[in-house]
Amino acid sequence: MNKTNNTLVIKVCFIAALAGLLFGLDIAYVNGALEFIARDFNLTEDQSQQIAGVLLTGAAVGALCSGWLSRIFGRKKILVLAALIFTIFTLAGILSHNINAFLVTRFILGLAIGIASFVAPLYLSEIAPYKIRGGLIAMYQLMITIGILLMFVSNASLHSTGSWRIMLAVLLIPSAIMLIGTLTLPESPRWLVLVGRGKDAENVLTKIRGTKAEVDFEISEIKESLVGAKSGFKLLSHPYFLKVLLLGVLLQGLQQFSGMNAFMYYSSKIFMEAGVNNPAVATMIVGLVNVLTTFLAIKYVDKLGRKPILYFGLMLLIASCAVSGYIFHLQSTGVILNATLQYTLLCFCLLFIFAFAISLGPIVWILCAEIYPLEGRDFGITVSTMANWIFNAIIGSYTLTWFKNLGVSGTFWLFGGACILGVILVNRFTPETKDVTLEELEFNLKANKKLRDLGERTN
Ligand code: BGC
């Protein structure tokens, strides 16, 4: 591939990955704005929780619909639609004058997040040349983390205004950029072939691949993988598809039950419990480590492969859950945490963020965009993305209850336990997808190879 084409692919992927930025911004928005929303609308504690909950529910519904939508209308149009919803309903949220109207806007924004969290990685996996595919999908994750960080910083700096409307207005800028950007995107060549528009697919590929030979090879590989194609539902009768579907759901379960979002939603509370002086600053550091580490993931995911990085991340996650849990356990037995223990705790919490951001954060999204056969890819990504949002909603809604019932220590150990199961999942059932084309993965899947062997090269 020549340099110009590479630049074009990166530009295209950057625009699609803006969906991730909005995902992150919207997740983190509630974190800092909730107290002002509750004040202005006179909300009870329960009503306040609904504001986060309704967004996550919308996201699960959005993810559910997006598979069919993007199959019928194409990836590009659906990305444009998501951007349009982001823009219009952010504005509607700013202008809403009662809690019900505001909740409706949160639900609809959730829909857009769900749709975007499905279509953007799908689009990226279909447009990227396989050699840099992992890195480009990881760029989507990078955007999520940047979104979260920007919102932590923006909320903290706008705190003195006391206005959740101003905090929300910040979101209008990336929404508008995404809207304009997505209008310029080319359609996914794989989708074009899927709907019988081979000539258009060739035109798109000619712009983004280096040589005619590459274009012809890719078109023929896509066509070959479509022979005997069935739609997602029909594929459910095939054990090979069920296997890979279950793997996607379990990987998303692992990502969420590692406990990362306990930090994203409640880090201030965790640091406050530990007596850390400035929880808002600690939260911003959490956001920063998350972003910086994701850069490393992008750099290494296509070089070192998915599985070695997953093992590395899971080991560190287990260690940090064990140690942080132990320090909280000491506290629960009456030990006052001195400065050394507090710093140790902070370090292990940051190690936790590092470990997640290098491994489960990006790699689960990458694997879920790669493992399904083309004709069931929309359906497979729909199911796994929906699973992500449902598990995410469980973490969002129950972490505080677990803190109360199991203690912070017990909750950390629970997350550590999930990561131990994760090592088994990776070892026994997860394929290495580095340096294989999506078509080779599909060939192996249909040849009934074991899940962990799907990444073997066929030529
Ligand atoms: C997860 C999100 C999480 C984010 C944190 C993503 O991969 O899906 O639930 O909030 O990482 O960086």
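**Chatting about two domains**

Q: What domains is this protein chain divided into?
A: Domain 1 is 1–185 and domain 2 is 230–459, with bounds from an automatic or database domain assignment. Residues are numbered from 1 along each chain as its sequence is written, and side-chain values use heavy atoms, with hydrogens and water left out. It's a predicted model, so local features need pLDDT of at least 70 and side-chain atom pairs pLDDT 80 or more, while totals for chains, interfaces and linings use all residues.

Q: How many Å separate the two centres?
A: Taken over C-alpha atoms, the centres of domain 1 and domain 2 are 21 Å apart. The contact (heavy atoms within 4.5 Å) takes 40 residues from domain 1 and 43 residues from domain 2.

Q: How much area do they bury between them?
A: About 3,600 Å², with 70% of it on carbon and sulfur atoms. Buried area is the accessible area (1.4 Å probe) that two parts lose on being put together, summed over both.

Q: New topic: which residue forms a salt bridge with Glu-126?
A: That's Arg-377, and the closest N and O atoms are 3.9 Å apart. A salt bridge here is a side-chain nitrogen of Lys or Arg within 4 Å of a carboxyl oxygen of Asp or Glu. The count between the domains is 1.

Q: And which helix gives the most to domain 1's side?
A: Helix 5, with 16 residues on the side that touches domain 2. Helices are DSSP runs (H or I, at least four residues), numbered from the N terminus.

How values were computed. Helices (H or I, at least four residues) and strands (E, at least two) are DSSP runs, numbered from the N terminus.
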